[in-house]
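Good morning, and thank you for coming.

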Amino acid sequence: MLKRLFSTSGIRGVYPSEVSPLMSFKLGCILPSIFGHDCVVGIDGRTSSSVLELALLSGLLCCGCNVKRIGLTPLPVMAYSIKKTGSKFGVMITASHNPPEYNGFKIYREGGWELMPDEEGMVEERILEDKYLMGSWSNVGLCIDYSGALDEYVDDVIDFLVEDNDVIKSNIRVIVDCCNGPASLVTPKILSLLGAKVIAVNANIDGFFPGREPEPRPDVLTDLGLYVKNIGAHLGLAHDGDADRVAVLDGKGSFVFNDRIIAYMAKRAIERGEGKTVITTIDTSRCIDEVVEKLGGEVVRTKLGKTHVELYKHGNVAIAAEPWKIINPRWGPWADGILTATTIVYDLLKSKLTIDDLLKDIPNYPQVRENFPCPEENKEKVMRIIGEELERVIGDVSDVWTYDGVRVNRKSGAWILIRASGTEPKIRLYAEARDSSELRDIVERGRSLILRTLKS
């Protein structure tokens, strides 16, 4: 409890040493006193989710909170249900894209808003104080089944997207990798109802993630790419463990850089008159700036996991997004990988274009993303040294951003970002350049600095 509970996105840690049933019970006891006595609870398919859920429910109910219990659900359905039902808050038990030994809690307040930093601090303070008041026998909360939230979500997504009651007949074949998570209960169904021919893989819910690692990175999706190519599918989609993320593969089975999807969704929203401001994170491509500025919009960058904070501050927002995770403000203030997947498929069905055609105006600059194991206790020292040396190591610098790690931007337009992961014991490297040779150069410089610093 000496370190902060909240990481980049929610509370997350290894079960049961860092995230335990006792922590879950205490959260259940203190959350109603902060946000109100009416909530929604959902869980992902991890092996420890059920025990954490029962502990959380015990805390909520004994402190007088009425609970709508969805059960197994993608995170977007839980967040949507808070807004749909007017509940005061919601809790999703999930560790998102982390390995199977992890679990955690994502807490959303009224309207489907992820907690703001000051609210996270308030929750942490109450947990540390370890003070809460249990109700008497006559003030125990009610727990009702709300598994119908999944069908409500499916119907409402289709109503939200489909224009003029379109009924689209198409031969577009889409492969959806559900990551052995609860996305299998929703995404294939929505896409089928839209008119796509859907093949679902890794659609059995299994907390050991036997199909693949939960993070939908290019190296993890190699088999999916081969499957897309070999059966002649038009598109591949891959969720993480709770479906707030989605990755896209084209008809050749090649990974489409996430930033190009962000740029496309921004372009789509601006052209439809849905806003001019695009909020994104420090680790995203210049292609977003080029697309948005060409359309007369503005890009605002922030820390990873905090796009919702900037969304709350700004008006006229087209989208808010970080790689894999896109928020459509007209739908709600949460990252929704299912809505993103559905939007892309709907556009393909309606336009009868390929994904390559849909993205033809979006620049495609080469990128690299790498991870380096680093114990939690060493992160601060490693990042301090990197902060002191990265600008000198990279050279030809135009400016440096330091609000989430260190990003050095070159005059050529190339950039490199090194930051400590907020969810895993890793140092992350991100880089982009307009040509592969410069990309190799800056990545090698950054990689050498990280490896040298880790050994020091």
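The structure is a predicted model, in which local features need pLDDT of at least 70 and side-chain atom pairs count only at pLDDT 80 or more, while totals for chains, interfaces and linings use all residues. Residues are numbered from 1 along each chain as its sequence is written, and side-chain values use heavy atoms, with hydrogens and water left out.

Let me start with the helices. Helices (H or I, at least four residues) and strands (E, at least two) are DSSP runs, numbered from the N terminus. Axes are lines fitted to C-alpha atoms, for helices over the stretch in contact, and angles run from 0 to 180 degrees between N-to-C directions.

Helix α6, residues 187-194, packs against helix α11, residues 337-351, at an angle of about 20°, and their axes are 10 Å apart. That makes α6 roughly parallel to α11. Angles under 35 degrees count as roughly parallel, over 145 as roughly antiparallel, 65 to 115 as roughly perpendicular and the rest as oblique. The contact, meaning heavy atoms within 4.5 Å, involves Thr-187, Ile-190, Leu-191 and Leu-194 on the α6 side. On the α11 side, the residues include Ile-338, Ala-341 and Tyr-346.

How is helix α8 placed against α11, roughly parallel or roughly perpendicular? The axes of α8, residues 258-271, and α11 come within 12 Å and cross at roughly 70°. The two helices are therefore roughly perpendicular to each other. Here Ile-261, Tyr-264, Met-265 and Arg-268 of α8 meet Thr-340, Thr-343, Ile-344, Tyr-346 and Asp-347 of α11.

A crossing is left-handed if the near helix is turned anticlockwise from the far one by less than a right angle, and right-handed if clockwise. α6 passes α11 in a right-handed crossing, whereas α8 passes α11 in a left-handed one.

I turn to charged residues. Side chains of opposite charge can pair when their charged atoms come close. A salt bridge is a side-chain nitrogen of Lys or Arg within 4 Å of a carboxyl oxygen of Asp or Glu. How many salt bridges does a search of the whole structure find? It finds 38.

One of them joins Arg-69 to Glu-53, with the closest N and O atoms 2.9 Å apart. This pair links distant parts of the chain, since Arg-69 lies in strand β3 (residues 66-72) and Glu-53 in helix α2 (residues 49-62), 16 residues apart. For accessibility, buried means under 20% relative accessible area, exposed over 50%, and partly exposed in between (1.4 Å probe, protein chains only). Arg-69 is partly exposed at 30%, while Glu-53 is buried at 3%.

A second salt bridge, between the side chains of Glu-163 and Arg-272, has an N to O distance of 2.8 Å. Glu-163 is in the loop between α5 and β8, and Arg-272 is in the loop between α8 and β13 (277-281), 109 residues apart. Glu-163 is partly exposed, with a relative accessible area of 26%, and Arg-272 is partly exposed at 41%.

Lys-313 is exposed at 60%, whereas Glu-310 is buried at 13%. Salt bridges that share partners also join Glu-163, Arg-272, Glu-274, Arg-330 and Lys-350 into one network.

Arg-245 is buried yet has no salt bridge; the nearest side chain of opposite charge, that of Asp-240, is 4.0 Å away. In this count Lys and Arg are positive and Asp and Glu negative, and His and the chain ends are not counted.

Finally, some backbone features. Most residues other than glycine have a negative phi, and most peptide bonds are trans. Ala-243, in the loop between β10 and β11, has a positive phi near 70° and is buried at 0%. Cys-179 lies in the loop between β8 (173-177) and α6, with a positive phi near 60°. The peptide bond from Tyr-15 to Pro-16 is cis, with omega near 0°, and Pro-16 is in the loop between β1 and α1.
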